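Try each task before you read its solution.

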Amino acid sequence: MPHRHRHHRAVGAAVAATAALLVAGLSGSASAGTAPAGAAPTAAETLRTDAAPPALLKAMQRDLGLDRRQAERRLVNEAEAGATAGRLRAALGGDFAGAWVRGAESGTLTVATTDAGDVAAIEARGAEAKVVRHSLADLDAAKARLDTAAAGLNTADAPVWYVDTRTNSVVVEAIRPAAARSLLTAAGVDGSLAHVKNRAERPRTFYDLRGGEAYYINNSSRCSIGFPITKGTQQGFATAGHCGRAGSSTTGANRVAQGTFQGSVFPGRDMAWVATNSSWTATPYVLGAGGQNVQVTGSTASPVGASVCRSGSTTGWHCGTVTQLNTSVTYQEGTISPVTRTTVCAEPGDSGGSFISGSQAQGVTSGGSGDCRTGGETFFQPINALLQNYGLTLKTTGDDGGGDDGGEEPGGTWAAGTVYQPGDTVTYGGATFRCLQGHQAYAGWEPPNVPALWQRV
């Protein structure tokens, strides 16, 4: 059809226009994280994979069965894969059906499409192509119908549902299959889109004790600092909404008066932030193993299959992989959506704590099932949605804490402190750019400077 021919020409042009931006192949050459002098920075350089501290690398080695070099290569490859997937998502448009990485070093990126005519364009970017029936937009729409239907049902026996790009389906995990069928029927989701899986455990929240670094709510229950933030000149931290309500007071691990919950959402979402008093200073770090500081340099969201590590004072550092992005989970208190599902274990006391990939903040611990002795799963509230909801700025290495003023940069609409999602467009310096990967913008990450995050259109 003429429409399809025009589409392929557009895909080819987009691939050709961005081919020069791919500095390293996904298999990882020795120079994958280093650009030639004067060249645009690689994705690994933009996302500071070299900032990964020894504690995080050691946890990756232990939990993912890697040696140190493999852990370092995995972070580089995941950064490059995220950028490549973002460019292909923009090029394929409505055909795009998701992307994921696999392999010990995340050396293989797979990009799914609904059109076999896109295969050459995908392979030209160094990725494997998979032709599937349903687009990501179709899967997300079906997931949204499940979310709507769940509001009127008791989903305790079908507590988890998500978009699974690797199987090109919407999956409902159920303790009783009849509960899954009821949810699918109420949502009007076609059987060709859906898949039901059995599960034995009900997810739960982890808010009894502490996580990344402990804090106490109303001198009673204990939770975890997620990520230090600023809101204008006010300092504070992001955490889980189920840890406390607006107005609740907090004290630090040292039992010194700390701050007050300013906003909290739970259920529905699982997000909150605490404004701290002048005795506390926001730092760009997460507490690592042995008290080491883990640097936070941004909040670029990782793709399915990527490595992710969690800091928790109950169980320490544990790592795993991202299994699904657009997930809904039902706890005893209600349903949370969307959260990211991982293979990382957690236990009571880890709630609210930090999920991080390399040096990129991912989210705050919400809940899960299992434990760190027998294995389990954990869900996290994505950090970018939390930052956007409350107008917060993530504290990062080298920032000045004043990035959320929302002001326009000269000559364009791009603004530091803004949270951007894939597909968003901005102008900067007289040119238009499209966002490739979700992130919060910072000074130094202007669109022309970070081709891993922005594509000129």
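The expected span of a helix is 1.5 Å times one less than its number of residues. Keep in mind that this model is predicted.

**Exercise 1.** Work out how the span of H4 compares with the expected one.

*Solution.* 
- Start with the count: H4 runs over 68–92 and has 25 residues.
- Next, apply the rule at 1.5 Å a residue, which gives an expected 36 Å.
- Then check the model: from the first C-alpha of H4 to the last is 36 Å, close to that expectation.

**Exercise 2.** Decide whether H4 is mostly covered or mostly open.

*Solution.* 
- Buried means under 20% relative accessible area.
- By that cut-off, 19 of the 25 residues of H4 are buried, so the helix is mostly covered.

**Exercise 3.** Find the largest cavity and say what lines it.

*Solution.* 
- The structure has 3 cavities of 30 Å³ or more, and the largest holds about 140 Å³.
- Its lining takes in 16 residues, with Leu47, Glu78, Ala79, Ser302 and Ser357 the closest to the centre.
- Sort that lining by type and you get 10 polar, 5 nonpolar and 1 charged.
- Now trace the lining back to its elements: H4 and strand S21 (360–371) each supply at least two residues, and H4 gives the largest share, 3 residues.

Notes
Residues numbered from 1 in each chain as written. Predicted model: local features only at pLDDT ≥ 70, side-chain atom pairs only at ≥ 80, totals over all residues. Heavy atoms only, no water. 1 Å grid on protein atoms, 1.4 Å probe; cavity = no way out; pocket = protein on both sides within 12 Å on 5 of 7 lines; lining within 4 Å. Points joined across faces, edges and corners; volume = space filled by probe spheres on them. Helix = DSSP H or I, 4+ residues; strand = E, 2+ residues; numbered from the N terminus. Nonpolar A, V, L, I, M, F, W, Y, C, P; charged D, E, K, R; others polar. Buried < 20%, exposed > 50% of the residue type's maximum accessible area, 1.4 Å probe, protein only.
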